[in-house]
Amino acid sequence: VHTKFLPEHVGQMRAKHPGITVLVHPECPKEVVDLADFWGSTEKIIKTVEDAPSGSKWAIGTEINLVSRLAGRFPDKLIVSLSGINCLCATMYRIDPPHLLWVLDNLVEGHVVNRIVVPPDVKRDAKLALDRMLALAP
């Protein structure tokens, strides 16, 4: 999802909404993160918008459902997706109570469902990336 955001989206959004603040997820391309005003985890994005003053304007580079939820929750602020593309994350759609209950019921019965096996080199690199992101957290 985050790779769909491009540096030109930042310029287009600033031209369309002068004074808008660009806030992106760190998984966006480095060029986009470098052009943004702020970047941070999903939690940081939510907290930043929560703490922002009424009337502030935000272009957010992350999954569209989070952007839409924030826009609905804070109607006193302009909150739009950084891109005109509806960047959807199909995996996030599966994180809901019925799916969680299904997984937990299976675990109680001793069945592991949807096991994900990651090759050692991918695991090593992913852990390195996560450790680096966590080291940036306040």
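Modeller: Let's start with R73: at 49% relative accessibility, R73 counts as partly exposed, since buried means under 20% relative accessible area, exposed over 50%, and partly exposed in between (1.4 Å probe, protein chains only). Keep in mind that this is a predicted model, where local features need pLDDT of at least 70, side-chain atom pairs count only at pLDDT 80 or more, and totals for chains, interfaces and linings use all residues. Residues are numbered from 1 along each chain as its sequence is written, and side-chain values use heavy atoms, with hydrogens and water left out.

Biologist: Which residue forms a salt bridge with R73?

Modeller: A salt bridge here is a side-chain nitrogen of Lys or Arg within 4 Å of a carboxyl oxygen of Asp or Glu. For R73, the closest N and O atoms are 2.5 Å apart, and the partner is E50.

Biologist: Which helix holds E50, and which holds R73?

Modeller: Helices are DSSP runs (H or I, at least four residues), as are strands (E, at least two), numbered from the N terminus. The pair links distant parts of the chain, 23 residues apart. E50 lies in helix α3 (residues 42-51), and R73 in helix α4 (residues 64-73).

Biologist: How far apart are the closest N and O atoms of R14 and D37?

Modeller: R14 sits in helix α1 (residues 7-16), D37 in the loop between α2 (30-35) and β2 (38-39). R14 is partly exposed at 28%, and D37 is partly exposed at 38%. They form a salt bridge, with those atoms at 3.2 Å.

Biologist: How many salt bridges are there in the whole structure?

Modeller: Another one is R124 with D125 (3.3 Å, N to O). A search of the whole structure gives six.
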